[in-house]
There are 2 protein chains.
Amino acid sequence: MSYPNSLKILIESFKKFPGIGEKTAERLAFSVLDLDVKTIDQFSTGLQDAKNKIKRCKICNHITEEDICGICLDNSRNREILCIVEEPKSVIIFEKIGSYKGLYHVLDGLISPIDGKNPEDINIESLVKRINEENFKEIIIALRPSVEGETTALYITKILSGTNIPISKIAYGIPMGADMEYIDSMTLEMAFQGRTKIS
Amino acid sequence: MSYPNSLKILIESFKKFPGIGEKTAERLAFSVLDLDVKTIDQFSTGLQDAKNKIKRCKICNHITEEDICGICLDNSRNREILCIVEEPKSVIIFEKIGSYKGLYHVLDGLISPIDGKNPEDINIESLVKRINEENFKEIIIALRPSVEGETTALYITKILSGTNIPISKIAYGIPMGADMEYIDSMTLEMAFQGRTKIS
């Protein structure tokens, strides 16, 4: 014996999270002992609620506690632009910036044949249906710059080619403030390919 | 709106932990959505139990779910050696190594006048009482090598000087495998002071 049982369970729970190893799990579990009862209650309710209440928006597949998410319901948004993203997290990141005012479609994954992820495993069918039924004038693909992201973007561009809606892709290149010395060759190549005319 | 409410609560909860900022809290909260119901139940029960069931051992002040901890109750341990440590975590670390077979006394802090921590704020009174009542033949001080650790060790040595029980301090020095180049000067000084004869 060295850990009381409840602490042991707590350490095991923390270890289930990505990026948390034995040492960090121990440190976090010990900090629980210093939290006040209200925080603990809130935390354990939050855990249950997040799991039980959060579902996917029936239109765009973003996370929500209702049937339709707040973005899809928001009538002030531009319903003619659709931004295609990999996961709910992307929506949240873009919403934080706040400059994009159109709608979203969450794929929940990228095409990756090597991992057994085919087009039918991500939300492409609902995307096509949505584009056919709604009245989009522009589609922006905002996927991770990677082989999977490129494959998925290519696939979407192909199946939507008949719709004649302009499709664009967010710019991949050197991030602001980066030191050229530390930029990988693939990013540099993308930066050259994606160069824009300035005069 | 961008986060569902339950996710927002979860992020706030994670942010209460030391060393967890906004980004990590978000990442952890999102991972909750991928955990199975059983893990979530276990986690939230663990949180409540750790807070409600864990108390301090009436003898040594180590964390336990009973009145007396398993170490104090274990009759196979050497009841003539007492190891004085700062916090329950130290007990767990030493127990993992497994070579120390005596008893412990958890001070729950170190003397630090600058932070308003005086001898009466840590468990020194119960330590003195215990030493007077029990039959210890050796006392080992195993505190963090720091000004506070040294002050506390000095104070304990002083108030126990009348008991004539041999008091020792664990060795401070260069850790195994360390590169001398990266060792701070205080550690080096301690290593010189604590040199042991080899022939």
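In this predicted model, A:Glu22, A:Glu26, A:Arg27 and A:Phe30 of helix H2 in chain A meet B:Pro88, B:Lys89, B:Ile92 and B:Lys96 of helix H5 in chain B. Sorted by class, this contact of H2(A) with H5(B) has three nonpolar, no polar and five charged residues.

Two packed helices are described by the angle between their axes and the distance between the axes.

B:Lys96 forms a salt bridge with A:Glu26, with the closest N and O atoms 2.4 Å apart. Between chain B and chain A the count is two salt bridges. Across the interface of the two chains, 16 residue pairs are in polar contact, both residues being at pLDDT 80 or more.

On the side of chain B that touches chain A, the elements giving two or more residues are helices H1 (5-15), H2 (22-32), H3 (37-53) and H4 (70-73), strand E2 (63-64), and H5. H3(B) gives the largest share of that side, 14 residues. By class, the side of chain B that touches chain A has 25 nonpolar, 14 polar and 14 charged residues.

The contact as a whole takes 53 residues from chain B and 53 residues from chain A. The size of an interface is often given as the accessible area lost when the parts come together. Chain B and chain A bury about 4700 Å² between them, and 72% of that area is on carbon and sulfur atoms.

How values were computed. Residues are numbered from 1 along each chain as its sequence is written. Chains are lettered from A and ligands numbered from 1 in the order in which they are written. This is a predicted model: local features need pLDDT of at least 70, side-chain atom pairs count only at pLDDT 80 or more; totals for chains, interfaces and linings use all residues. Side-chain values use heavy atoms; hydrogens and water are left out. Contact means heavy atoms within 4.5 Å. Helices (H or I, at least four residues) and strands (E, at least two) are DSSP runs, numbered from the N terminus. Ala, Val, Leu, Ile, Met, Phe, Trp, Tyr, Cys and Pro count as nonpolar, Asp, Glu, Lys and Arg as charged, and the others, Gly among them, as polar. Buried area is the accessible area (1.4 Å probe) that two parts lose on being put together, summed over both. A salt bridge is a side-chain nitrogen of Lys or Arg within 4 Å of a carboxyl oxygen of Asp or Glu. A polar contact is a pair of N or O atoms within 3.5 Å; within protein, one must be able to donate a hydrogen and the other to accept it, and residues adjacent in sequence count only if both atoms are side-chain atoms.
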